[in-house]
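User: Please examine the structure shown below and answer some questions about one of its helices and its surroundings.

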Amino acid sequence: MATKKVEYVVARNPGLGTDGNPVPVTVPIPAELEPQMQGEHMLINIGPQHPATHGVLRLVLELDGETVIRCIPHIGYLHSSFEKLGEYRNWNQIVPLTDRMDYLAPLIYNCAYAMSVEKLMGIEVTERCKVVRVICMELDRIFSHLLWAGTTAMDIGAFTPFLYLFQERERIYDLHEALTGARITTSSTRIGGMMADLPPGWTAALRKFIENLPRTLDEVDTLLTNHQIWRGRNENVGVIGAEDAVNYGLTGANLRASGVDYDVRKDRPYYDYETYDFEVPVGENGDCYDRYLVRMEEMRQSINILRQALDRLPDGPINVDDPRVILPGKTDLMADMESMIHHFKVVMEGVNAPVGESWLGIESSKGELGMYVVSDGGSKPVRWRVRGPSFINLSALPKMVEGRLLSDVIATNASLDIVLGEIDR
Amino acid sequence: MDKPFEKAVQGLETGPEASTPEAAGQGGVESTGHPSVAALREKFGAAILKAVVFSGDEHCVYVDAERSAEILHWLRDDASQRYDYLQDLTAIDYGGGRPLEVVYQLWSNTHKRQLRLKVTLPLHALEIDSVYDLWRTSDWLEREVFDLFGIHFRGHPDLRRILMPENYAEGHPLRKDFPLRGRFSRAEQTRLALSMRVEDYYTPDELTIGGTPVAAGDGLAREGRVGGPSEAVKNTTDPMIGGDIPISQRAPVPGGEATQGR
């Protein structure tokens with residue numbers, strides 16, 4: 001057996017060369033200490049409890065040395081049967097289930113669900129409600145990307161951006177709390193409108209937030225974008241080509257990093273997205289680094305959209321004027337009997353949707369989020385289905401990591417931006 | 001109201017109410033104006049059962065179950081269609097013994113078009129051709145439908161449960177005859193969960209990786225493998241319960257059977 005030689009980059013007794021770098025030292029290793037392991041595969045189990053799997057994801061890896069031969073994801077550890085629960089709840093009662101799916105961008109899920117049911121019922125929400133929902137969705141896109149950038153950097157070994165980004169994230173938590181009363185489980189939409197209108201001073205607080213956010217993004221940019229380790233860990237890692245990306249059903253930043261400019265906001269605009277001035281960043285190489293660049297740019301574009309939405313925010317009612325779905329005002333409720341009965345019927349019996357179905361896809365922070373509601377004319381859905389972007393993005397993970405190194409699995413998995421609440425549902 | 005809380009607990013034990021017979025799969029209006037629908041009718045004739053529009057602009061084509069894979073293949077590859085992106089694949093159970101529907105939601109990046117395809121499967125023949133080779137998205141989506149509805153996809157290379165554990169024995173949860181709390185009692189469910197073994201956490205395929213463990217702990221040296229479970233594990237007793245029956249031979253917890261303990 002040939003003697004193996006290992007070259008240590010950092011010498012045991014580091015002496016610096018003329019270029020200021022440590023001088024490499026070659027250390028011969030006796031043959032009997034290093035048995036030939038070639039051809040012996042090893043099974044490695046990552047998770048379900050592991051800080052780098054971003055939830056209760058379990059990956060079973062077959063390794064040859066450090067090379068991943070096979071990667072088999074196991075999911076379902078967080079399965080809560082939301083879709084089944086939905087069949088026992090009336091249309092408005094499902095809203096709290098939606099934000100527990102993607103707890104990193106709860107408002108997007110609230111809005112997407114309400115939109116699909118409104119489409120099924122043929123309800124057109126008010127202009128103010130449309131703009132408020134656009135604000136909610138873009139705010140939570142930033143909310144989710146901030147967490148993604150922070151935790152991904154931490155997985156790869158950079159701790160500082162995490163602290164910077166979570167400070168900003170905390171401000172969005174405060175905005176959530178002011179708007180909905182909750183920080184994560186917002187449940188803010190109702191069929192035909194919102195739980196409540198924007199509280200006084202909220203838009204000013206949001207403006208202040210989006211004025212300050214670019215500075216933090218610039219700081220993170222300085223810390224990461226040209227950092228040698230960051231680029232080394234991300235460039236040409238987890239590569240997936242455009243054709244494969246479409247075939248595997250990738251969406252969102254993961255797809256656009258591969259060079260496909262599919263964005264639901266542009267391709268099937270909803271809520272007047274076609275009238276907002278924003279760009280869809282598209283990558284070239286389909287690697288982790290491009291996914292990072294795309295998400296960073298998406299945050300800046302979301303700030304643009306937020307600014308435009310705040311400028312155009314119209315006055316007027318936030319809820320539709322449709323007594324079938326909207327509760328009467330509290331004053332009316334206390335004052336007259338008819339409103340009381342009306343309130344009772346909407347709460348106890350729910351709202352009947354017409355027979356039919358609706359599959360509505362929107363652009364969430366993770367990718368295309370599809371909400372499929374099927375009604376038989378009752379106050380509860382026959383079937384409520386969520387096409388979760390993380391679920392399908394994760395299914396492409398084996399394709400991206402097989403044949404690569406073990407350490408790339410962590411970087412690739414982090415770059416996909418998954419949330420297990422929605423994968424397991 | 002006699003029983004004011006009846007509504008809240010309705011269906012918890014029996015599964016949700018089946019929708020009214022006439023409402024199942026209805027509600028659309030006749031589809032016109034979608035280029036793919038016309039092309040499909042021309043190309044496949046009798047295999048296109050009907051075409052309807054839901055919620056204003058969602059075109060949906062019902063096709064023959066036997067020819068679904070062929071039709072989907074054509075929709076993906078024909079130059080005038082090019083539905084290269086499978087947005088969603090799922091199923092619907094309307095309950096009451098009525099057939100299940102498998103739903104394909106397609107998007108064409110070339111022509112910027114959306115189309116829904118539905119295949120109706122009677123309960124006694126829940127089998128359909130897999131589209132794994134057309135869109136790899138369907139890998140996990142078909143596994144999910146298999147897991148939650150029990151529909152078998154012919155030709156899927158790795159059709160096993162995905163959300164529920166591999167040893168789940170209560171059936172397919174999203175079927176209407178499946179009660180919300182499951183078919184087994186809580187005690188039985190707990191007992192099953194606690195009695196999971198290594199084989200239940202890994203697929204048989206994965207267990208062959210790495211060959212026979214040479215210096216394995218007791219967890220790995222299990223029945224059917226070299227050595228079987230070690231004597232130490234076999235004869236373990238549980239002092240908390242006080243019995244001297246080894247764990248592996250203990251009878252089920254009284255009242256833990258499927259029919260009791262609700």
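**A helix and its setting**

The buried residues of helix 4 of chain B are B:Ser138, B:Asp139, B:Trp140, B:Leu141, B:Glu142, B:Arg143, B:Glu144, B:Val145, B:Phe146, B:Asp147, B:Leu148 and B:Phe149. This is a predicted model, in which local features need pLDDT of at least 70, side-chain atom pairs count only at pLDDT 80 or more, and totals for chains, interfaces and linings use all residues. Residues are numbered from 1 along each chain as its sequence is written, with chains lettered from A and ligands numbered from 1 in the order in which they are written.

User: Is helix 4 of chain B largely enclosed or exposed, and why?
Analyst: A residue is buried if 20 or more other C-beta atoms, placed from the backbone, lie within 10 Å of its own. Twelve of the twelve residues of helix 4 of chain B are buried, so the helix is largely enclosed by the rest of the structure.

User: Which helix of chain A do the buried residues of helix 4 of chain B pack against?
Analyst: Helices are DSSP runs of H or I with at least four residues, strands are runs of E with at least two, and both are numbered from the N terminus. Within chain B, the packing partners are strand 4, strand 5 (100-108) and strand 8 (152-154). From chain A, the partner is helix 14 (389-394).

User: How many residues does each chain bring to the contact?
Analyst: Two residues are in contact if their C-beta atoms, placed from the backbone, lie within 7 Å. The contact takes 41 residues from chain B and 45 residues from chain A.

User: Which element supplies the largest share of the side of chain B that touches chain A?
Analyst: Strand 4 (85-92) and helix 4 (138-149) of chain B each supply at least two residues of that side. The largest share, six residues, comes from strand 4 of chain B.
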